[in-house]
Amino acid sequence: MKAIVQERFGPPDVLRLADVDTPEIGPGDVLVQVHAAAVNPYEWHVLRGDPYVARLMMGDIGLTRPRNPVAGVDAAGRVEAAGANVRDLRPGDEVFGFCPGAFAEYARARADLVVPKPAGLTFEEAAALPIAATTALRAIRDIGGVRAGNRVLVNGAAGGVGMYAVQIAVMLGAEVTGVCGTRNLNLVRSIGAAHAVDYTKEDFTERSGGFDVILDNVGNHALGRLRRALTPAGTLVINAGGSPGAVFGAVGAMLRGVALDRFVRQRLRIVPTKQRQEDLRDLAGLVEEGWLTSVLDRSYPLADAAEAVRYIERGHARGKVILNVT
Ligand SMILES: NC(=O)c1ccc[n+]([C@@H]2O[C@H](COP(=O)([O-])OP(=O)(O)OC[C@H]3O[C@@H](n4cnc5c(N)ncnc54)[C@H](OP(=O)(O)O)[C@@H]3O)[C@@H](O)[C@H]2O)c1
């Protein structure tokens, strides 16, 4: 099968289209014929082994080269084969979820990490969901604890995580402020934000004490300034940030937040990486109820995966970037 292989750490040029063996599945796995895969910042973190401390902290990155020889995680497609212990999925079923090695014609996935694709979604829209939307769900609902009437600010509201986070906070009844660049103001309002702040014209951290929950997807403001924009008992959810080439990257800001959390009244929380089937099911439910839509920026053919990762690295994706596979 055709796949995008990552044989060593490096820039996106390292990615190569190659013929590799189709993965074999175990009793609890399914083999997914991938129709669409999504590109996340996660892909360049793994590819570059960046930030360097992540090689030690995150088992799925690898120490001396990317642990998984085939790139990608998020996928939507059809079940080609199911392992002997898989009860609820059959060949032909349309699914989406976490499929390591998703940048390929076929990917092996744990059957408990994919779910049926909502019928109204295209494969591209479904592939957009797993990493970005489950992160947004955990950040806003579980870690942020957002409730009706809360004032919530999402920094990086036009990106993959941000555009889902805005919609989930709106669904929970919050009054949402989305921070983005000028060209994305209308997009951010169109997905439900009551207010859109243009970061080229206004620094939201100059506003003091206004937000119950801030989700920071960008990492471009000091902790003290973010805290100033929170209410005295507000919650800061530090999701990440950082550019290629960092030793600590977002990990430094996260550790500072965790260290300070016990000494202040505000809650300073990070978003640990998690893959959970129940989150995928919840998202499918939100899509079916009309709460959640996938904003798609652009699509690339599988062979152009390196170009897609380069685009994501530039840090101005508008919603999700997709690879069309088969
Ligand atoms: N904890 C986890 O498990 C987890 C999971 C997924 C992602 N993440 C992290 O979360 C972060 C966001 O991921 P993503 O998938 O949303 O990234 P993305 O899709 O690449 O989004 C980048 C967004 O950042 C916006 N942006 C850039 N500079 C900005 C600024 N100064 N102020 C406000 N917005 C700005 C861009 O909007 P404009 O074009 O308008 O500038 C763009 O929409 C990344 O650091 C990623 O590594 C963590």
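Exposed means over 50% relative accessible area, buried under 20%, and partly exposed in between, using a 1.4 Å probe and protein chains only. Before you start clicking: this is a predicted model, where local features need pLDDT of at least 70, side-chain atom pairs count only at pLDDT 80 or more, and totals for chains, interfaces and linings use all residues. Residues are numbered from 1 along each chain as its sequence is written, and side-chain values use heavy atoms, leaving out hydrogens and water.

**Stop one: L63.** Select L63, in the loop between helix 2 (52–57) and strand 4 (74–82); helices (H or I, at least four residues) and strands (E, at least two) are DSSP runs, numbered from the N terminus. L63 counts as exposed because its relative accessible area is 56%.

**Stop two: the ligand.** Now show what surrounds the ligand: 27 residues, the closest being G181, Y199, N239, H316 and A317 (a residue qualifies if one of its heavy atoms lies within 4 Å). Helix 1, helix 4 (130–143), helix 5 (160–171) and strand 9 (175–180) each give that shell at least two residues. Pick out A317, where a polar backbone atom sits 2.6 Å from a ligand oxygen. Then try N184, with a side-chain N or O atom 2.8 Å from an oxygen of the ligand.

**Stop three: helix 10.** Select 305–313, where seven of the nine residues are buried: A305, A306, A308, V309, Y311, I312 and E313. Among the elements covering them, in contact (heavy atoms within 4.5 Å), are strand 1 (2–5) and strand 15 (320–324). Step just past the helix to G315, which has a positive phi of about 85°.

Terms used: A polar contact is a pair of N or O atoms within 3.5 Å; within protein, one must be able to donate a hydrogen and the other to accept it, and residues adjacent in sequence count only if both atoms are side-chain atoms.
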